[in-house]
Amino acid sequence: MDAHYAKSLIFLAAVVLTAAVCFSALSVFPDDYAEETARAAEEFGVDDALVRAVIFAESGYDNDAVSRAGASGLMQMMPGTRMMMSGLTGIEADGSAESEIRLGTAYLAMLLERFGDVDTALAAYNAGPAHVERWAENGEEPYPETAAYVRRVRFAQRVYSRVI
């Protein structure tokens, strides 16, 4: 077997493996609102894969999801946060998937600007900005569930970035 033929076989195997991984990832990581997330990501300057990863971690792509704490929708925003973002952006909080994605993405963009890095913004999205600021001021570690949330979102972001 000559070197060119071997390289061609390796390339073909890599293509097949990549296609299999992408197909497998999409069966585990839903992508039901691809157009809406892409538009919101562009509108607010947030990585589309990050928006999709937050939806995956927060609601599993279930717009009817409601948490024990009272967060709801695809991006699991608390009612007060949803109303605040509606007032700041002019986006009607009508409960539709599109408005939930736009409001949640606007909030995520605000946290990214405020905290300056993705991990801290995600911690604030999960636990609230006041907790994150207190942890930073006191040199405390985030809640274990918040640290796990950040890891879960970042993993999902890596997966989505490969299949978008």
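**Helix 7**

I started with helix 7, residues 129-138, in this predicted model. I looked up which of its residues are buried, and found Pro129, Val132 and Trp135. Next I looked down the axis of helix 7. The buried residues fall within an arc of 125°, so they line one face of the helix. I noted the general rule beside this: an α-helix has 3.6 residues a turn, so residues three or four places apart point the same way.

Then I turned to the other side of helix 7. Ala130 and Glu137 are exposed there.

What do the buried residues of helix 7 pack against? I found three partners: helix 5 (97-115), helix 6 and helix 8.

I also checked what comes just after helix 7. Gly139 sits there, with a positive phi of about 65°.

**The whole chain**

I stepped back to the protein chain. I counted 8 helices and 0 strands. Read from the N terminus, the elements run α-α-α-α-α-α-α-α.

I looked up burial next. The chain has 164 residues, and 39% of them are buried.

I then took the contacts between residues at least 6 apart in sequence. Of these, 51% join residues at least 24 apart.

**The largest pocket**

I moved on to empty space. Rolling a probe the size of a water molecule over the atoms shows where such space is left. The largest pocket holds about 510 Å³. I listed its lining and got 19 residues. Closest to the centre of this pocket are Glu58, Ser67, Ala71, Gln76 and Asn126.

Which helices each supply at least two residues of the lining? I wrote down helix 3 (48-59), helix 6 (118-127) and helix 8 (144-163). Helix 6 gives the most, with 4 residues.

I sorted the lining of the largest pocket by class. It has 10 nonpolar residues, 5 polar ones and 4 charged ones.

**Confidence**

The average pLDDT of the protein chain is 88. A score of at least 70 is reached by 82% of the residues.

Where is the pLDDT below 50? I found this over residues 11-27. Beyond near neighbours in sequence, that stretch has 6 contacts in the model.

Definitions and conventions
Residues are numbered from 1 along each chain as its sequence is written. This is a predicted model: local features need pLDDT of at least 70, side-chain atom pairs count only at pLDDT 80 or more; totals for chains, interfaces and linings use all residues. Side-chain values use heavy atoms; hydrogens and water are left out. On a 1 Å grid over the protein atoms alone, a cavity is a set of points where a 1.4 Å probe fits but cannot get out, and a pocket is an open set with protein on both sides within 12 Å along at least five of seven lines; lining residues have an atom within 4 Å of a point. Grid points are joined across faces, edges and corners, and a volume is the space filled by probe spheres set on the points. Ala, Val, Leu, Ile, Met, Phe, Trp, Tyr, Cys and Pro count as nonpolar, Asp, Glu, Lys and Arg as charged, and the others, Gly among them, as polar. pLDDT is the predictor's confidence in each residue, from 0 to 100. Contact means heavy atoms within 4.5 Å. Buried means under 20% relative accessible area, exposed over 50%, partly exposed in between (1.4 Å probe, protein chains only). The arc is that of the directions from the helix axis to the C-beta atoms.
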